[in-house]
Amino acid sequence: MDSGRAEEAIAGLVARASAVVLVEGELGVGKTHLQERLRARYTAESRLVLSGRCAPFSGDLEPLLEAALSDPRLVPRQGDAVLGALAPRLPELADRLPAALPPLADPRADLARCFRALRALFSSKVPTILLLDDLQWSDSATRAFLRSLCARRSSALSVVLTYRPHGDSPRLTHLAGPGFPVETLSLGPLDESRATELAETLSGRSPLSPSLSRSLPSAEGLPYAISALVSEKIGRLPRAVSDVHAERLRLCGKDVRAMLRAAALCADGATEEELRTLSGLGRSAISVALTEAIETGILRETRPNRYGWHRELDRQAVHESTSPVLRRGLHRAAASLRPHDPVFTAHHLRRAGDTGQWLEYSRRHADLALNEGDWSTAVRLLRALLRHADLADPDRVHLATTLSRAAFDGLDCDQIVSTVREILSEVPLPPATRGELRNNLGILLLSQTGEHEDGYRELEKAADELKDSDPPLALKVMSSLAIPYTGHRHIDTHLGWLERLDGGLGQTCLPDPLTAATIQVNRLTTLMTIGAPEAWEAAEVVTGDTDDPHLARQRMRGCLNLTDCTSWLGHYAAAKRYLARGRTWSHQLGADYLSEQLRVAAALLNWLRGDWRDLRITAEALVDRYDSLPLVASECRLVAGALALEHGDHQAAVALLSEVSATRPRSAAAPPVGATAAALLARHHYHRGAKTAALRELDAALRVIHDTGIWVWASEIAPIAVELLHNAGHRDQIPELLSAMETGLEGKDAPAAMASLALGKAIDLDLGHGTPDDVLDRYDTALDSFTDVGRPYWIATTHVWRDRYLHTELRQDTDDLSIAVGIFGSLGATVSERRTQETLDTRKPRRRGRPSYGSTLSPRETEVAQLACAGRTNAQIATRLGLSIRTVEQHIAHAMRKTGATSRYELADPGEPAAG
């Protein structure tokens, strides 16, 4: 809890009875601030407030004597001679204490007499509260007195003790007497939202300035560090904060300090053997020192035999307080500690001051990493060179170009983006170099940061700068401009770039194999995105083998892109195949960014095809993991938000979906993600009575589809749009919507969108009073379509709509709701399942017992037989009807026996029983 909640908890305890409250918390969480607030609170309530603070190496009973002097209203009880034992220790109270007692020969007896005197001094009839801070530093006499006080307490006295919970913490709870409760409260660091709230309060500014917002995480949720950040206004933690942490570490023993100086070099943690090597301690000494550091809460075991810091502030404090000469020597020793970790080695060479060796080592190992396809290592080495090396402009441009190429597989591109932008604005460059840098910058902005407008403009500039200076690279840029997923332009614009690309390819412009592979993947991505049938044959190239890691990376990227494309199209078997091949490439290449994107693509695929087991947990974890990559995180937010809606967690769902909705200005989300999120929010708001908000979200979703002209992205939108437009009194817009979608899907291989269109048409006919035959035919078409695609959620939703029509309009009973309940339940769609079950429960109960059909097929057997004869597989029938495959097999067997059919395809007229 934070100090505010702790204060109220203590107030509640003290109001009910005299009590001892132990408040534990690490350095900086607000224990001293809590004591100050309690002092002010109880002084205002006219209580005696006695406060003291324990300090390292303080004398016997010193904090208690300090407390006795802290409130001038404390008047010693008259006539109690034992108070004279305190006269030599409290000369400030000489005029109020009896004459000093002579010292006793036995020091223990003398101390016991002091205990009795202190107890008498604190036993006022006036309500009194004793506040002692930093009890972990208390002397043994003070602790002994507190135990004695707990055993024989005054009914008017309450005690609040604060301490750090590591090492020799106070042990008082077992000494509490009846009616004298001892409570323990724990203060912890503030979470992100409370830390921000505190910073806003202290600064008087909401939202925080960009500088303060960036530096706030460095305070690690510690209130005093947040306060220092705000008051200093320097965008980083002031030296005073480090000094506070360094001071307590200086109290450690010599061996512990040596070990901590070694540990401070390794921000990612170190093994016991590494700490021994760097500190120069023997095996026995390092074990003892490490144990003490863990027990006092300075270090912790982050994983087996790897030890890291409990607080980064402590690590920084130790590192900064180490003398520069010693620190450079430690870094020089660390540079040889992990020969197989070039990033670690390069970092320590630089910090050791070996600049020449660092530059040579970093360049050489970055080149090796690039040749081996280890882009993550290359990015980190090159980024450090650009950030810290004093380079001439040509070297800086060369490194920035190399880095921006490698960054496509990194997970932290902010520094790279800012560096490339800085070079483009400040350094004179040849057109070919400028064009390549612009291209790389545009790709990073589009594919990682989600700045699609800026990214697309950079690519357009790059294409113009490269058309004469580097035609093959210009064609690659055009192929990137042709991809609709991140471009946010109308499909005609993207196809225009594709046409220019195709016109530029030929004998006069032959790209190198890698550039050609990149162009091929980009072109394929464009065609598959829009559901062009010719994409399928060309797609086989991305699954083929190659020994070239650079070509393999392009094929891996192709697999990722095709997984996303085919997922939105509704070709889930193909999406799974591309995903599996992409993962194989990932294991071989280790390309961080693409590997992480495959995890996101898998989550989207599983949501669309209805594999929801543990998916919300996975998606929410991915949201947290990729929060710094807005485009990647947007798909995770869509999946997590959609599932939160179905779990009834409306607050979380709205928060997640609103982050990526098409209504959000400058959203990083790709068009289908933003449009789908907006449609889901529209349905949610409408069902909760917020008609205006619903129509605003729906308008944004449809505007994305109209503006891009890509109707294959409307697979989640059309049925929602038809329902909401009709119920909101805008039915006149529905024919135009459905006609535009039908036109947009002509010649496209997009089964999910086609199924969605079929359901939209069925709902339109249903609500628009079409003829029963037409309405039911439309619903059956939608069911067939969703069954073929394999979309259980929409199969169940279609059953719900079909039941509504049959039951409400035609007054007929159906099994549609029962089927829908079963499908929703198997998905874990709690809200839809409950809503459908509630509707089913309102129906009149049917006659108990199962009717006997004899040699005639039951309605379910008839339904299964008709689907089997139509060529549906058992799995498809099971999905459509919400049955198990085993149950489908039994129904087919019964139908064949009753009709005398010798195969499932002879069940053409299942209504007639077998002759004879």
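At what angle do helix α25 and helix α27 pack, and how far apart are their axes? I will come to that pair after a word on the model.

This is a predicted model, in which local features need pLDDT of at least 70 and side-chain atom pairs count only at pLDDT 80 or more, while totals for chains, interfaces and linings use all residues. Residues are numbered from 1 along each chain as its sequence is written, and side-chain values use heavy atoms, with hydrogens and water left out.

Confidence next. pLDDT is the predictor's confidence in each residue, on a scale from 0 to 100. The protein chain has a mean of 85, and 92% of its residues reach 70 or more. Confidence is lowest in helix α9 (residues 239-249), with a mean of 71, and highest in helix α36 (residues 734-744), at 96. For residues 172-180 the pLDDT falls below 50, although this stretch has 23 contacts in the model beyond near neighbours in sequence; contact here means heavy atoms within 4.5 Å. Residues 912-916 are also below 50, with seven such contacts. Where pLDDT is low, the predicted coordinates should not be read in detail.

Back to the two helices. Helices (H or I, at least four residues) and strands (E, at least two) are DSSP runs, numbered from the N terminus. Helix α25 (residues 513-529) and helix α27 (residues 549-569) pack at about 0°, and their axes are 9 Å apart. Axes are lines fitted to C-alpha atoms, for helices over the stretch in contact, and angles run from 0 to 180 degrees between N-to-C directions. That makes α25 roughly parallel to α27, a label for angles under 35 degrees; over 145 is roughly antiparallel, 65 to 115 roughly perpendicular, and the rest oblique. Among the residues making the contact are Leu-514 and Val-521 of α25, and Leu-551 and Arg-557 of α27.

Now the sheet. Five strands form an open sheet, ordered β2-β3-β4-β1-β5, with parallel pairing. Two strands pair if DSSP finds at least two bridges between them. At the edges are β2 (48-53) and β5 (182-186), each pairing on one side only. From one strand to the next the twist averages 15°. β2 and β3 (residues 128-133) are joined by six bridges, and Gly-52 has Leu-132 of β3 as its bridge partner. Helix α2 (residues 31-44) packs on this sheet, touching β1 (20-24), β2, β3 and β4 (157-163), and its direction makes about 165° with that of β3.

Arg-37 pairs with Glu-7, with the closest N and O atoms 2.6 Å apart. Arg-37 lies in helix α2 and Glu-7 in helix α1 (residues 3-16), so the pair links parts of the chain 30 residues apart. The count by this rule is 44 salt bridges.

Elsewhere, strands β6 (residues 299-303) and β7 (residues 306-309) pair in the antiparallel sense over four bridges. Leu-299 stands opposite Trp-309 in β7. Two residues separate the strands of this hairpin, and Asn-305 takes a positive phi near 55°.

Notes. Salt bridge = Lys/Arg side-chain N within 4 Å of Asp/Glu carboxyl O.
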